[in-house]
Amino acid sequence: MDNDIEAARKRVKEFIRGPERYLKIPYEGADLNPREYWHKIVLQRRLRFLWQSFVIFTCTILPSGELKNRLLRSIGMNIGRDAFIAPLVFMDIEFPSLLTIGDGAVVGTMTKILTHEVTIKSIRLGETEIGKQALVGAGYVIRCGATIGEGAVVA
């Protein structure tokens with residue numbers, strides 16, 4: 001199992017640095033606990049994870065503005081100039097560098113933006129992108145690996 005964990009960690013690191021936009025890590029076994037497996041892969045740097053959690057929680061309640069955008073950039077998110085991220089937008093905590101919100105994009109309240117998913121049989125990671133001047137209406141769930149193009153309206 002430890003070799004599987006190390007191999008999965010290596011694949012995740014290579015994915016984050018590489019050109020691919022989507023990664024799926026399958027796993028199986030009668031005694032496999034998806035939560036435990038996942039946490040062994042991603043929670044290597046606990047203080048960093050706690051800091052990312054704090055920043056995202058804080059930004060969830062902040063109104064849109066440059067302070068919010070700067071805080072999100074500080075944990076690795078790619079937030080464009082003049083992006084409008086409404087209050088109560090939930091953004092993925094574990095892989096902030098896989099999220100891009102383009103210049104002038106608008107993300108409506110109660111939206112969830114994911115960069116990873118854990119299922120019974122696999123872990124999926126994906127670059128999630130909201131293009132320049134795109135509009136995402138309130139209450140949407142944007143799954144990992146999704147791209148909303150420049151100027152698109154999802155409402």
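These legends walk you through close-up views of a predicted model.

View 1. To find Leu 88, look in the loop between strand S3 (84–85) and strand S4 (90–91). Leu 88 has a relative accessibility of 44%, so it counts as partly exposed.

**View 2. A salt bridge within helix H1.** The structure holds nine salt bridges, and here we meet the one between Glu 6 and Arg 9, whose closest N and O atoms are 2.8 Å apart. Both residues sit in helix H1 (residues 2–17), with three residues, or about one turn of the helix, from Glu 6 to Arg 9. Glu 6 is partly exposed because its relative accessibility is 46%.

**View 3. Glu 66 meets Arg 73.** In this salt bridge, 2.9 Å separates the closest N and O atoms of Glu 66 and Arg 73. Glu 66 is partly exposed at 37% relative accessibility, and Arg 73 is also partly exposed, with a relative accessible area of 29%.

**View 4. A salt bridge from loop to loop.** Arg 81 pairs with Asp 103 in a salt bridge, the closest N and O atoms being 3.9 Å apart. This pair links distant parts of the chain, 22 residues apart: Arg 81 is in the loop between strand S2 (78–79) and S3, while Asp 103 is in the loop between strand S5 (99–101) and strand S6 (106–107). Arg 81 is exposed, with a relative accessible area of 57%, whereas Asp 103 is partly exposed at 24% relative accessibility.

View 5. Finally, salt bridges with shared partners join Arg 21, Glu 127 and Glu 129 into one network.

Key
Residues are numbered from 1 along each chain as its sequence is written. This is a predicted model: local features need pLDDT of at least 70, side-chain atom pairs count only at pLDDT 80 or more; totals for chains, interfaces and linings use all residues. Side-chain values use heavy atoms; hydrogens and water are left out. Helices (H or I, at least four residues) and strands (E, at least two) are DSSP runs, numbered from the N terminus. Buried means under 20% relative accessible area, exposed over 50%, partly exposed in between (1.4 Å probe, protein chains only). A salt bridge is a side-chain nitrogen of Lys or Arg within 4 Å of a carboxyl oxygen of Asp or Glu.
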